[in-house]
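Subject: Structure for you to look over

Dear colleague,

Here is the structure I said I would pass on, and my notes on its sheets, helices and backbone geometry follow below it. Please read them with the coordinates open.

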Amino acid sequence: LLVTVGDDQREPFSPAHQPAIAVFHGPEVPMLAKYADPQLAPWLQDMGRGYWMDAAHVAPGAPGFAQALIHGLVDRGFDVAAIDRLEDPARAAFGHAFGFIVKRLFRQRQLPVVPVLLNTYYPPNVPSAARCHALGLAIAEAVAAMPGELRVAVVASGGLSHFVVDEALDRQVLQALERGDARTLRSLPREALNSGSSEILNWVAAAGALAALPLRWSAYEPLYRTPAGTGVGAAFALWGPA
């Protein structure tokens, strides 16, 4: 099964209720069909297909595992929000942080998915880099303590710097991941993690969860869209036994 650490962008949540950390433990993980309208511009429809948000797609959940993960995190000092359903998936459901992984990385294989949602975008309750790294460590401990044999993948979903590319920040993060440098990851300043760059917190949490494994491979491309430096720092990385 797949534990995906991603962020909310006003998709399942709203300002009426915005948890800092949440775990979904429902039997089905519904995607928001935000780009299903055939009247949308063709490029938006293409983007929606890549995000798995072009229709009311549903991925299988893993309720038993997710509930055990919630218990394990609470026992380790994380008072996470627990969600078992979304009342109206046509209006509020999971976004591209989760759909992209299923569609593009896992080619729509029916793997059970456990979404872990971080509020990286919306003050005042954005967790710090140190808290996100500690959450990852707690995820690893909670999974290791579960009985039976499990195959669990942990994925960080999100870009590095955007919507202005900051190559120095991106390379600092990637070098810290390669070295297993938890101190650097935990000390990333809040002021560097604004807007889309806040998604780096998803990577920091996953790095904590995968701290016992070496980083086997990574690739980075600073994708500039304009001469002003707008764009996205795009990276992929793979942790696992040598």
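Strand β9 and strand β10 (residues 230-239) pair in the antiparallel sense over nine bridges, where strands are DSSP runs of E of at least two residues, helices are DSSP runs of H or I of at least four, and both are numbered from the N terminus; two strands pair if DSSP finds at least two bridges between them. Within this pairing, Ala 219 stands opposite Phe 236 of β10.

Before going further, please note that the model is predicted, that local features need pLDDT of at least 70 and side-chain atom pairs count only at pLDDT 80 or more, while totals for chains, interfaces and linings use all residues. Residues are numbered from 1 along each chain as its sequence is written, and side-chain values use heavy atoms, with hydrogens and water left out.

The β9-β10 pair belongs to an open sheet of three strands in the order β8-β10-β9, with antiparallel pairing. In this sheet β8 and β9 (215-224) are at the edges with a single partner strand each, so one side of each has no neighbour in the sheet. From one strand to the next the twist averages 25 degrees; angles run from 0 to 180 degrees between N-to-C directions, and axes are lines fitted to C-alpha atoms, for helices over the stretch in contact. Helix α5 (residues 167-179) lies across β9 and β10, running at about 175 degrees to β9. Strand β8 also holds Phe 163, which is joined to His 162 by a cis peptide bond with omega about 20 degrees.

A second open sheet is formed by five strands in the order β5-β2-β6-β1-β7, and its pairing is mixed. Its edges are β5 (81-83) and β7 (153-156), each with a single partner strand, so one side of each is left without a neighbour in the sheet. Here the twist averages 20 degrees from one strand to the next. Inside the sheet, β1 (residues 2-7) and β6 (residues 113-118) pair in the parallel sense over six bridges, and Asp 7 has Leu 118 of β6 as its bridge partner. Helix α3 packs on this sheet, touching β1, β6 and β7, and its direction makes about 140 degrees with that of β1.

Helix α3 (residues 96-105) also packs with helix α1 (residues 42-51), at an angle of about 75 degrees and with the axes 7 Å apart. That makes α1 roughly perpendicular to α3, a term that covers angles of 65 to 115 degrees.

Is Ser 157 buried or exposed? Ser 157, in the loop between β7 and β8 (162-164), is buried, with a relative accessible area of 6% (buried means under 20%, exposed over 50% and partly exposed in between, with a 1.4 Å probe and protein chains only). A polar atom of its side chain lies 2.5 Å from the backbone oxygen of Ala 97.

The peptide bond from Pro 123 to Pro 124 is cis, with omega near 15 degrees, and Pro 124 is in the loop between β6 and α4 (129-144). Arg 107, in the loop between α3 and β6, has a positive phi near 50 degrees and is exposed at 63% relative accessible area. Ser 195 also has a positive phi, of about 50 degrees, although it is not a glycine, and at 38% relative accessibility it counts as partly exposed.

Key: Parallel < 35°, antiparallel > 145°, perpendicular 65-115°, else oblique. Contact = heavy atoms within 4.5 Å. Polar contact = N/O pair within 3.5 Å; in protein donor to acceptor, adjacent residues only side chain to side chain.
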